[in-house]
Amino acid sequence: MSETVVGAPAARPAGETAPARDTGVKGGRLRALDGLRLVAALMVAAYHYGGRGGAVSEAWGSSPERQFPTLHGLLAYGCLGVQFFFVISGFVICMSGWGRTPASFAASRAARLLPAYWAAVVLVAAVFALPVVAYDAVPPSDALVNLTMLQQPLGADRVLGVCWTLWVEVRFYALFALCVVLPGASRRRVVVFCAGWLAASALASAAHEPLLDLVLMPRYAPFFVGGVGLYLVHRDRRDAHAWGIVAAGFLVGQHHAVRALWNASDPDAFAHRTVLGIVLVVAVGFAAVGAVALGLPGRWNRPWLTVAGALTYPFYLVHEHLGWVVIRVLHRGLGVPSAATLALTAVAILGLAWLLHRWVERPLTPWLRNVLTRRP
């Protein structure tokens, strides 16, 4: 969900040694990371289309459990694509924020997130307002509030079901900017940030204080911290502190994932996620980003993966609600079989994502970045 452009390294404080290894290329991309982002987005889409109940059942005409008697249990693990995203985001934000000024960092984040987000809010709100679409539209006032990305703290209805994850991301950006970018990124400062945030988030979890939960995000902090630690590993694979941060992020993160997503075997439940299954998916996510950090998937660092990365964010924004519309048309309207509908819906939304990238992100992202960094 975030760009993967490598930032220039900051000057090191006196006494801090140069990293033994930095596989990043200044001004280049880690294209394998772009591919992982699309994998995470497709995991979430699989969950929303066939791994849960709720509104998507209306699109199918029955519960996805009936549409996919065997597959629905596996698709239920797709929700962990969100945690996978957060690990990738920790890596990318540390990479792109290294050596940047706070103003440049903020402008980069805003320009990356807002154009496609605004377009998605307008598009989904407009489609759901059509009489032929059998879903409730968000009230106009709430739809307008959604353009600010502040709908959740303000208690407004959400136009995009997935926008709660953006609210989590924005709070991570703010913490990273205040603690690392503002004073100037360095290895020592990043290590202290990761250790301090992880410890504070654990205390916040024990305190049950809403304000601390809001700021420190104990359920999601370990995944961002783990991703930041993996970027330190990318800079120097011999960094023992970085490996310790990654290990702590994984151990605490899987705990929160299990507590949030495991359900005891229940014949009335939509699907049964096992503890082992949840831990395994989280471990694979960390391992995949770790492989990129270590430069292992070099042969997969192909130019076409840049396109995958470009499609990921707009796809993620619109896939849920507009996917319901496509599923309804294909499956109930045209009688397309369930498995084919699932695949064709993903392809259709990827096509829409390409249009949003081509006609919204490509012209507006650099324009907005220039506007925000222009001196008065």
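In which sense, left-handed or right-handed, does helix 5 cross helix 9? The crossing of helix 5 with helix 9 is right-handed, where right-handed means that the near helix is turned clockwise from the far one by less than a right angle, and left-handed that it is turned anticlockwise.

The model is predicted, so local features need pLDDT of at least 70 and side-chain atom pairs count only at pLDDT 80 or more, while totals for chains, interfaces and linings use all residues. Residues are numbered from 1 along each chain as its sequence is written, and side-chain values use heavy atoms, with hydrogens and water left out.

**Helix pairs**

Two packed helices are described by the angle between their axes and the distance between the axes. Here, axes are lines fitted to C-alpha atoms, for helices over the stretch in contact, and angles run from 0 to 180 degrees between N-to-C directions. Helices are DSSP runs (H or I, at least four residues) numbered from the N terminus.

| Helix pair | Angle | Axis distance |
|---|---|---|
| Helix 5 (81–97) and helix 9 (163–181) | about 30 degrees | 11 Å |
| Helix 12 (221–235) and helix 14 | roughly 25 degrees | within 9 Å |
| Helix 12 and helix 13 (240–261) | about 155 degrees | 8 Å |

Helix 5 and helix 9 are therefore roughly parallel; angles under 35 degrees count as roughly parallel, over 145 as roughly antiparallel, 65 to 115 as roughly perpendicular and the rest as oblique. Their contact (heavy atoms within 4.5 Å) includes Phe 85, Phe 86 and Ile 93 of helix 5 and Trp 164, Phe 172 and Phe 176 of helix 9. By class, this contact has 11 nonpolar, four polar and one charged residue. Ala, Val, Leu, Ile, Met, Phe, Trp, Tyr, Cys and Pro count as nonpolar, Asp, Glu, Lys and Arg as charged, and the others, Gly among them, as polar.

The contact of helix 12 with helix 13 divides into 12 nonpolar, six polar and no charged residues.

**The second largest pocket**

The second largest pocket holds about 350 Å³ of space. On a 1 Å grid over the protein atoms alone, a pocket is an open set of points where a 1.4 Å probe fits, with protein on both sides within 12 Å along at least five of seven lines, and lining residues have an atom within 4 Å of a point. Grid points are joined across faces, edges and corners, and a volume is the space filled by probe spheres set on the points. Of its 21 lining residues, the closest to the centre are Met 43, Tyr 77, Gly 78, Leu 80 and Val 281. Helix 14 gives the most to this lining, with eight residues. The lining has 17 nonpolar, four polar and no charged residues.

Technical notes. Helices (H or I, at least four residues) and strands (E, at least two) are DSSP runs, numbered from the N terminus.
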